[in-house]
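Notebook open, structure on screen.

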Amino acid sequence: MAVAAVSSSAVIVRWADMGAVSLAFWRTAGGSVVLAVTAAMIGRRTALVGARRRHLAPIAIAGLCLAFHMSAWMASLELTSVAASVTLVSTAPLLIALYRAATGRPPSRRTWGVIALGVAGTAVITGGDLGGAGRDALLGDALALVGAATVAGYLVIGDQVRSELSTSVYAGLVYATSAVVLLPLAVAIDGGLGGYDTETWLAIGAMIVGPQLAGHTLINLLLKPLGSVTVSVALLTESVGATVAVWAIFGDIPPLTAVFGGVMVLAALAVHLLGPGDDADGAPHDPAADSERLEA
């Protein structure tokens, strides 16, 4: 469900007649308002205050990572090829695995293989184009890598902090931080945050409800029982979902390479989820315990 919701952003971006940074601002701002109301309705005002005191630094860093991920990746699409941008930003699982290895919790060899297969599948989907030569293309490639590093940081921090905070409190504060960072960027780059037609406002609402709330909020929910490696590997299927969505709605028929690459990505996810691998803490994976934690 989370991947399907995030994948719909490719369709909504084509629908909305507005700047990419402004759209990123509205989706994070809207998501933070909805989750703040949700937290208040279920009686978590005290928890919200406690979270701001105990977890201010990691929440602020996660919000910055989310804001810079959206901005850097969207900017990279203007400078390098879409194929290069998508492929490079999909290296986030590799960066998370490297972080875990550096902090004494290396993934299993099977997990390394899964990540390699998934990233390779994404490269096949996009055509494997490295963006070409030239200063602009190299800058775009660099920005895509920044997008990968920041989304990896966003997931790693969520993996750690979500063990102590509810999803609505954590995600709401992260989205609010991201919106504050994106506000001046949207004004400076796009020239304003209003004056849209009705169709664009509907697109903004769809972006808030779909990719932000149903997508990123579910991702934050799943970080606690599944861990950042599993979630990041699952997010590799976003390219598959986006390809299917654009095909179904706009009639853009994907090439055979997209089909082969999609099979590779789905195979990597299946091997990771169905195998006897390790969870976020390096302990044996227990699906029953995951189910109990999700119900809680």
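This is a predicted model: local features need pLDDT of at least 70, side-chain atom pairs count only at pLDDT 80 or more; totals for chains, interfaces and linings use all residues.

How much space lies in the second largest pocket? I looked it up and got about 260 Å³.

**Entry: who lines the pocket**
I found 15 residues lining the second largest pocket, and the closest to its centre are Met 1, Ala 2, Val 3, Leu 222 and Ala 234. Next I checked which helices they come from. At least two lining residues each are supplied by α1 (2-7), α11 (198-226), α12 (228-235) and α14 (256-274). Then I sorted the lining by class: 13 nonpolar, two polar and no charged residues.

**Entry: α3 against α5**
I moved on to helix α3 (residues 20-41) and helix α5 (residues 56-79). Their axes come within 10 Å and cross at roughly 155°. Angles over 145 degrees count as roughly antiparallel, so that is what I call α3 and α5. I also noted that their crossing is right-handed. On the α3 side, the contact is made by Ala 20, Val 21, Ala 24, Arg 27 and Thr 28, and on the α5 side by Leu 66, Met 70 and Met 74. By class, I have six nonpolar, one polar and one charged in this contact.

**Entry: α3 against α10**
What angle do α3 and helix α10 (residues 167-190) pack at? I get about 150°, with the axes 7 Å apart. That makes this pair roughly antiparallel. The crossing of α3 and α10 is left-handed. I wrote down 17 nonpolar, eight polar and one charged residues for the contact of α3 with α10.

Conventions
Residues are numbered from 1 along each chain as its sequence is written. Side-chain values use heavy atoms; hydrogens and water are left out. On a 1 Å grid over the protein atoms alone, a cavity is a set of points where a 1.4 Å probe fits but cannot get out, and a pocket is an open set with protein on both sides within 12 Å along at least five of seven lines; lining residues have an atom within 4 Å of a point. Grid points are joined across faces, edges and corners, and a volume is the space filled by probe spheres set on the points. Helices (H or I, at least four residues) and strands (E, at least two) are DSSP runs, numbered from the N terminus. Ala, Val, Leu, Ile, Met, Phe, Trp, Tyr, Cys and Pro count as nonpolar, Asp, Glu, Lys and Arg as charged, and the others, Gly among them, as polar. Axes are lines fitted to C-alpha atoms, for helices over the stretch in contact, and angles run from 0 to 180 degrees between N-to-C directions. Angles under 35 degrees count as roughly parallel, over 145 as roughly antiparallel, 65 to 115 as roughly perpendicular and the rest as oblique. A crossing is left-handed if the near helix is turned anticlockwise from the far one by less than a right angle, and right-handed if clockwise. Contact means heavy atoms within 4.5 Å.
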